[in-house]
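Here are a few notes to read alongside the model. Have it open in your viewer while you go through them.

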Amino acid sequence: TLCPSYPSMLVGPRQISDESAEGQRLLRRVAAFRSEGRMPVLTWGNAVDGASIWRSSQPRVGLQGNRSSADEHYLRTIAESAANATVSADKVRHLLKIPGRQFLQTLIGGTNEEDLLMQSQPSGRPPICLKIVDLRPKSSAVANRTQGYGYENTSYYTGCDISFFGIGN
């Protein structure tokens, strides 16, 4: 098993098969780059518009700013899957009700609700298809780098954006 605290069956991007030796190597490398082996796995998905929530632990970037090409590839695959689902979902967008600002403020405790929404990008930059929501205070995420952990450097994660929400332990 990749992570003892995970169930035996996990859901990941369809494009990465755990039945091939190459897919298994990639998944092991992704898990090795995450604290306690908790690699990103699907925890919720919407069949109507393709929205999804993936959960993982912090990456092992440390003070050196370590990178993992496997982890970057894995998250890029998730982002690409989301982009493809969003294109298909445009046909049913009129059926969906977008939550209002007041609901978002209630949901996230009155902090910046824009952090939950996808932002348009200046021309020439890839669209953001994966929003990384780190519930810790950013100061905690930065401090964890001294212990060998930290947070995703979105300069290396194509199509990703990160927001911190300041919830303490």
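1. A quick definition before anything else: a residue is called buried when its relative accessible area is under 20%, and exposed when that value is over 50%. Keep in mind that this is a predicted model.

2. With that in hand, look at strand E4, residues 160–164. Four of its five residues are buried, so the strand is mostly covered by the under 20% criterion. For the protein chain as a whole, 33% of the 169 residues count as buried.

3. Now for the overall layout. The protein chain has four helices and four strands, and reading from the N terminus the order is α-β-β-α-α-β-α-β. Among contacts with a separation of 6 or more, 66% are between residues 24 or more positions apart.

4. Strand E4 has a partner: E3, residues 130–134, runs parallel to E4, and five bridges join the two. To find your place in the pairing, look for Val 133, which sits opposite Ser 163 in E4.

5. Neighbours within four places in sequence aside, Asp 134 touches Ala 141, Tyr 151, Ile 162, Ser 163, Phe 164 and Phe 165.

6. Lastly, the surface: the protein chain exposes about 10,800 Å², with 52% of that coming from carbon and sulfur atoms.

Conventions
Residues are numbered from 1 along each chain as its sequence is written. This is a predicted model: local features need pLDDT of at least 70, side-chain atom pairs count only at pLDDT 80 or more; totals for chains, interfaces and linings use all residues. Side-chain values use heavy atoms; hydrogens and water are left out. Buried means under 20% relative accessible area, exposed over 50%, partly exposed in between (1.4 Å probe, protein chains only). Contact means heavy atoms within 4.5 Å. Accessible areas come from the Shrake-Rupley method with a 1.4 Å probe; for residues, only the protein chains shown count as cover. Two strands pair if DSSP finds at least two bridges between them.
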